[in-house]
Structures are given as C-alpha cells and as structure tokens.
Amino acid sequence: MLHVYVKLINLNHIMKWIIFVTLSFVLVACGNRSSSEKIEASDAKATSILEGSNTSVNVSTSKIYWKGSKPGGSHHGTIALKEGTLNFQQKTIYGGRFVIDMNAIINEDLEAESKAKLISHLKSADFFDVEKYPESVFVITSVASKGDNKVDITGNLTMKGITKSITFPAEIELSEEQFIASTPEFSIDRTQWSVNYG
C-alpha cells in the first residue's frame, strides 16, 4: 500500500494551499490474491511539456506508506519522497511528478534483527536493486473527469528502469484553502517491474 501525504505552498504566488494526496496500492506477485482492485499495467504513455502552475511538494512534511504482499503474509512501512511537483491549470490538477528515494525504505512491523534483514533484502538485487536504481518515479500523464469530484488518474510508474502506465480512480476535493485527492486501495503486479525474488 502506498499513501502519499503532500503539503504544497505558494500556488500562483497568491494563496497558500495544503495538498493532501493519498495513493493506496499493494505490490503483489503475479499469483498472489488481494482483496484490493487489480490495476493492469500497460506500455508507458507519451509525456509532454506541462504549462500552467507547477507547485513544488514540501518533502519534509510528506510521507509514503507501503505494503508488500507475499504468499502467507505481508510487511509494511514507510519510504521517503525525494521531490515532487503538481501541475495546475485554472485550479484543476492535470499533471505531476513524484520521485521516491528507494534507499529510504523503512519497515514498521518487525523487530530490529528481522527488520534489518528485510530492508537489506528489499534493497538488494533480489527486489528493488537500489544500488543500481536508487529512485522510482511516478509521472501523471492525464487526469480524466468522471463527474462528482471523481477522476481517473493515468501515469507512468518507473521502477528498476522499467516504465509502465497505470490508471486508477481518485476522488478530488477542492476549496480555497486546500486540495485533497484520495484513491481506494488497489494492487499492481510487481513482477511487471521485475520486482520479483527468484
């Protein structure tokens, strides 16, 4: 599961907004079952130069929560957001880019020795190979309105040098003071990004 909490400031140099973005997804292996909605990955989408207001994410107040599933169990924790921007046009989000620091993986459900062993395993070439691929990137390529504050967000997710496009539903709330976007929990097949032990 991946939750992203983002605080943004200085939008259009006029007002301060607080941005709250929640992306909830579970990384599962191909044969694993998950109660969350399965999102199919496809070839990466073309990106273009974005016009409008580009607002930087305050990474010091941002958090990412992850959950990885495996046969017989799961583990969860946090990972740092290295940098990010959201793109607005007439107060409507239409793009964005988030860089995730793969060296900043933290486990929250194991004790010290087991925790260190799991993190070392996740950082190794068996999984994320962070020495070779220290960053993962999610780039929003389109946002399609579905009415009633609901949208479908499409973006390119890059892990281990592999880029795939995913589309997931989100609900957006917008006021003069804040922008809130949240998604239901959904799962992606991590093996499509070669995140697969053995």
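Leu118, Ile119 and Leu122 are the buried residues of helix H1. Looking down the axis of H1 in this predicted model, you will find these buried residues within an arc of 95°, so they line one face of the helix. H1 covers residues 112-123, and at 1.5 Å a residue its 12 residues should span 16 Å; the end C-alpha atoms are 16 Å apart, which agrees.

Now step back to the whole chain. The protein has 1 helix and 13 strands, and from the N terminus on they run β-β-β-β-β-β-β-β-α-β-β-β-β-β. Of its 198 residues, 42% count as buried. Among contacts with a separation of 6 or more, 61% are between residues 24 or more positions apart. The accessible surface comes to about 10700 Å², and carbon and sulfur atoms supply 50% of that.

With a relative accessibility of 14%, Thr78 counts as buried because the cut-off is under 20%. Leaving aside residues up to four places away in sequence, Thr78 touches Ile64, Tyr65, Trp66, Ala104, Ile105, Ile106 and Glu108.

Next come the charged pairs. Side chains of opposite charge can pair when their charged atoms come close, and this structure holds 4 salt bridges. One of them joins the side chains of Lys82 and Glu135, at 2.6 Å from N to O. Lys82 lies in strand E7 and Glu135 in strand E9 (residues 135-147), so the pair ties together parts that are 53 residues apart in sequence. Lys82 is partly exposed at 44% relative accessibility, and Glu135 is partly exposed at 34%.

Another salt bridge brings together the side chains of Lys146 and Asp152, at 3.6 Å from N to O. Here Lys146 counts as exposed, with 54% relative accessibility, whereas Asp152 is partly exposed at 23%.

Glu171 also forms a salt bridge, with Lys150, and their closest N and O atoms are 4.0 Å apart. Glu171 sits in strand E11 (residues 162-174) and Lys150 in strand E10 (residues 150-159), so this pair ties together parts that are 21 residues apart in sequence. Glu171 is partly exposed, with a relative accessible area of 36%, and Lys150 is partly exposed at 41% relative accessibility.

Key: Residues numbered from 1 in each chain as written. Predicted model: local features only at pLDDT ≥ 70, side-chain atom pairs only at ≥ 80, totals over all residues. Heavy atoms only, no water. Buried < 20%, exposed > 50% of the residue type's maximum accessible area, 1.4 Å probe, protein only. Contact = heavy atoms within 4.5 Å. Helix = DSSP H or I, 4+ residues; strand = E, 2+ residues; numbered from the N terminus. Expected span 1.5 Å × (residues − 1). Arc of directions from axis to C-beta. Areas by Shrake-Rupley, 256 points an atom, 1.4 Å probe, with all protein chains shown as cover.
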